[in-house]
Amino acid sequence: MTAHDRLVGVVGTGTMGQGIAQVALAAGHPVRLYDAVPGRAREAADAIAARLGRLVEKGRMSAEERAVAVARLDPAQTLHELAPAVLVVEAVLEQLDVKQELLRDLEDIVTDDCLLATNTSSLSVTAIGGALRLPGRFVGLHFFNPAPLMPLVEVVSGYATDVTAATRAYETARAWGKTPVACADTPGFLVNRIARPFYAEAFAVHEEQGADPATIDAVLRESGGFKMGAFELTDLIGQDVNEAVTRSVWEGFFQDAKFRPSLAQRRLVEAGRLGRKSGQGWYAYEEGEERPEPHTAAPAEPPARVTVEGDLENAAELVAMMREAGIEVVQEDEDKGTRIVLPSGGQLVQADGQTSIEFRDVVYFDLAHDYRAATRIALATGQDGNPRTLKESVGLFQALGKKVSVIGDVPGMIVARTVARIIDLAHDALVRGVATEEDIDTAMRLGVNYPLGPFEWHRRLGRNWACGLLEELHDRDRSGRCAPSLALLRHSYDPKKWEGSA
C-alpha cells in the first residue's frame, strides 16, 4: 500500500485510535477519523495536531511537515465518508458485538478490496471476522501503546483471513516504519500470551510471603534485567486493564492453570486500587507518599576462601568475579555437582526449583541476566538454615559489588521461575504454529522490552535448564501451573537421563 493518495480510515478516537491515525499520517497517508459520538472525531483531530505541534517544538518535525500532515487529517461526520478508504482500522470498545456490528456496517460502505483491520488486544480475530460477508479480507493489526513510539505491531490472522490480506497488512505496517510480527489468532496473540508469567510469578511469590512488592520489583530490574518490575508496571498499565487481559487469556485457554489470575490482584481491582490513575495500587501515588525501599541485607564479611564444585554452568562468570574480589577459589571435579561450598560447610546453589528446607544448609541464589552487570542478587534459605552460611553468602555477593535481598524459601525464587515459564510458553506457542521462533523473540523484546527473547534465553541458559527447573516446581505444586509443556519436554529430552530405565 503506497502513501499520499491511499486513504486510511480509523474508527474510534480514543488513545489507540489517535495513535494509529498519527502513525498513518506520518507515513504520508490521508487519514479520515470517525467516532460514533458527535464531535469526538474533531476533538481527536485537534489533539493529534497538538501532538504534532509538540514534535515541532522538540525539533523532531518541521513546521511545514506538520502543516502538510494536519491538512491530510480529516474528521468524518458519518461512517459513509470512509467509502474511498483502502484500509480501515477499528479501535472501538473491546466488546465483540460492538465490533461485529461496526464492521458489518463498514462492509456495506467500503469496496470489496478494502482491507479491514481490528486493533483488539483481547478478543478473537476469528470471532470478530465470523460476522462478516468477506472474512478473508479481515485481519488483526495490534499496535502497542503509545502507537507512535512503540515499534511492534502484531499482524494476526484469523481462521478465515486470506494470506494476501495478512501479507498486505504486514507490508503496510512495515511501510509505516513499524516492526511487524505475524501470528495466528490465539488468546493474547503473542505478547499478551507469553508475558503472563512475568506478572503471575511475581504475584505468586508475594502471595506465598516470599518477598514484598518493592523487593520483587528490584530483583526483576537489577538482577533479571527487566526495565520495570511486575508491580510497578501493572500500576502503570492499570490493575483493572492488566487483570482483564490475564482473565481474558485464562478464559480463552479454558481456565488452564498456566494462565491462572492472581487473587491478590483481583482484590486490588475490587478495592478500586487501580494504580497510578487512581492514586494507589500496589504502591501509593498520592502527594507526599514515598516509594517503599526493597529489602537490602546489612553488610557482612565475605569468606576468604570458597570451593567451587563443577563449572557453575550459566553462573560460571562468578568464578572470575570472586577471584577479582580477592576471594580464593578452589575448583574441584564437576562430577560432584555444581555449587559453591563456603567455609561454614554450607552450600550456595543457583535456583533450581527446589527449596532450602529440603536440603541441609543450602542457600539459593537467583538467576541473573548478566551476573557481572547485575547490581542486586536475591538469596533464599530455609527458616532452619545455618545463620553463618547465610552471612557468608551475603558477604560473598556484597564483595562482588552487589546489593543483596534475602527472600523467603520459595522454589525457583523470582527471576529463575519467571524466565523458565516464559521460555515454556514460547515453546508451546512455537509448536502450535502461533508464530516463528524469530518473531516470538522479536515480539517479546519490542513489545514488552525484555532483555532477551525467550529462545535467546533458552540458548544462553542451556537446553535442559528451563525444563529441569519447571519439573522441580511441578513436583512442589501439582496444579499444573508450572508443569513443562510437551513442546519443552520434547526440546529438552536427554536420552542419557533414561538409559537403563524400563
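Modeller: Asp428 counts as buried because its relative accessible area is 14%; buried means under 20%, exposed over 50% and partly exposed in between, with a 1.4 Å probe and protein chains only. The model is predicted: local features need pLDDT of at least 70 and side-chain atom pairs pLDDT 80 or more, while totals for chains, interfaces and linings use all residues. Residues are numbered from 1 along each chain as its sequence is written, and side-chain values use heavy atoms, leaving out hydrogens and water.

Colleague: Which side chain meets that of Asp428 in a salt bridge?

Modeller: Side chains of opposite charge can pair when their charged atoms come close. The partner of Asp428 is Arg432, at 2.9 Å from N to O; a salt bridge requires a side-chain nitrogen of Lys or Arg within 4 Å of a carboxyl oxygen of Asp or Glu. Arg432 is exposed, because its relative accessibility is 59%.

Colleague: At what angle do helix 15 and helix 17 pack?

Modeller: Two packed helices are described by the angle between their axes and the distance between the axes. Here the angle is about 115° and the axes are 9 Å apart, the axes being lines fitted to C-alpha atoms over the stretch in contact and angles running from 0 to 180 degrees between N-to-C directions.

Note on methods:
Helix = DSSP H or I, 4+ residues; strand = E, 2+ residues; numbered from the N terminus.
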